Amino acid sequence: MLRRTFLNGVGALVLAMAARPMRALAHARGAPWDALRKRVGDRLIPVRSPLLESARTGIGQDAAVLFARLRNPYYLGDDPALTQTLGWIDAWTSQPSLYAVAARDAADVSAAIDVARTHALRLVVKGGGHSYFGNSNAADSLLVWTRAMDEVQLHETLRGVDWPAHAEAVPAVSIGAGALWGRVYRTVSAAGRYVQGGGCLTVGVAGFVQGGGFGSLSKTFGTGAANLLEAEVVTADGRVRTVNQFREPDLFYALRGGGGGTFGVVTRLTLRTHPLPATIGAALFNVTAKDDEAWRVLVARTVRFYAETLFNPAWGEQLRFEPGRRLGVSMLCHSLTQAQVRATWQPFLSWLKAHPDDYRLDAEPMLIALPAARFWDPDFLRTLPNVVLTDDRPGAPSANVFWATNLGEAGQVLNAYQSAWLPARLLDPSRQVRLVDALLSACREWPVSLHTNKGLAGGTEAAIAATRETATNPAVLDAFALVICAADAPPAWPGIPGHEPDVAKGRQEAAQVARAMAPIHALVPNAGSYVSEADYFTPNWQQAYWGRHYARLLKTKRRYDPTHLFRGHHCVGSE
């Protein structure tokens, strides 16, 4: 597959960027912007990129300040010119739109769509801006920026539009497209309810749901898409539609995992809520094996322990296998007391401590269970060591916290990212040795993580049944985990002295990731992959992301967006 060039010479890029203000001025005086300004007024705003300006001026001191700010996900999200990922080596570089509509409601979105359609403008949509494929940015485009649409409204019981009399009313929450999961969790849990959102607190709600997103507790509560009850969406014809399983069900189906920004611009989502678990707990520790023989035993023991003890609805999150014979455990659970969490892990930890010559723990394992109502409370989280970081901008809201483990993702440049669903049959005792062999081979090249919450096998019947009704590749139903192998680098951008992407290193790490994933792909040929966390260069992406659902999604795309106003890399219909 041919790859786009990431860097065709810094000089040419800087010259192109220097010409942009003249193009912008010409566009600003044109009919499209005048027409749009008449409809949305001062919500049509120019987009000015601090990265582009830094590349133009080449002032190193200012660049150093800028690149420190780029490690703050709230800074990235609050600037329409920026994205949470700044690029992908040999794939794309984050580029600012020319103008943005800072949308307050569906009417603003409809105006932007009408003008883009009429004047053949490139249109992009940004809420949280977490697209790894770069689909929330495009140079000289019109941006529909939904960040201000962040209202959260709880419903004790909800009956959707045009629901028949036999359809049961359910507890729910309606959320604006630009809301971030941290705020949503705080609002919903304060009412004693739980909504299935993302693990990262700064991920936007709309893109997460449309991508079929997972949370730590998805084995119990299903995916974000599985919990969607109704959506307000503006389609390519500018119409504001309210869709659900009884009203325009094909479009509703497409919004449940068919990919963000593909079938329209979602402006509000209504999701089912669940009783809030009493507790959310965790087991966190790292252990290193002294030699290859002890490492093989540890990996085999970990796989067996997961299969026998953790392969159930209560447990999710990550088991990480790294070069240097290092195992990282970051597992979360719900509805267990601290005594039960400790009892769960006691056999595994006792075995480790019984072999002190073979295994070394970095520190005493953290085994905790917290009241679930406090799990997203910023004031409480700040009392825990090394758990959250804060938005360090002057005057930033005190509620703006993010998990410390997400720091490396803010402003990252991706060198590689691959994923594959692992079927639960690999946990059968007779097949575990093949899984262990593949993991051992993979992690000799690069770290690999089993994201056990991103496969629904072992989960509740309700979670599996609800997810079966979504557009997500059905491989997720039989998978016990999504294996992820990725390489990234700190914030960088072409043409900024001292802060350019290291293309040679990026390509080297991409080759290492490919070698690491080779034994996984050999173990599970043609494995499905999660569309929001996948390889930009996946050749058979239609099958990988959606499997047998793709034909239905393509039919819906052609019906609601026949001219491909909404387009992006590896989106439905982008062939």
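Predicted model: local features only at pLDDT ≥ 70, side-chain atom pairs only at ≥ 80, totals over all residues.
Take phenylalanine 133 and tyrosine 545, a tilted pair with 6.3 Å centre to centre and 40 degrees between the planes. Phenylalanine 133 belongs to the loop between β5 (123–126) and β6 (142–145), while tyrosine 545 is part of helix α17 (residues 541–546), so this pair ties together parts that are 412 residues apart in sequence. Phenylalanine 133 and tyrosine 545 are both buried. They also belong to one aromatic cluster, along with Trp88, Tyr536, Phe537, Trp541, Trp546 and Tyr550.

Tryptophan 181 and phenylalanine 208 make an edge-to-face pair, at 5.3 Å centre to centre and 75 degrees between the planes. Because tryptophan 181 sits in helix α7 (residues 181–190) and phenylalanine 208 in helix α8 (residues 205–210), the pair links parts 27 residues apart in sequence. Both of these residues, tryptophan 181 and phenylalanine 208, are buried.

Now for the nonpolar cores. The largest has 77 residues, and Trp88, Ile175, Trp181, Val184 and Trp376 touch the most other members. Helix α10 (residues 249–255) supplies the largest share of this core, 5 residues. A second, separate core holds 61 residues, including Ala424, Val448, Ile520 and Val524. Setting aside neighbours within four places in sequence, the contacts of isoleucine 175 include Trp181, Val184, Val205 and Leu269.

Conventions
Residues numbered from 1 in each chain as written. Heavy atoms only, no water. Core = buried A, V, L, I, M, F, W, Y, C linked by side-chain atoms within 4.5 Å. Buried < 20%, exposed > 50% of the residue type's maximum accessible area, 1.4 Å probe, protein only. Helix = DSSP H or I, 4+ residues; strand = E, 2+ residues; numbered from the N terminus. Contact = heavy atoms within 4.5 Å. Phe/Tyr/Trp six-rings, centres within 6.5 Å; stacked < 30°, edge-to-face > 60°.
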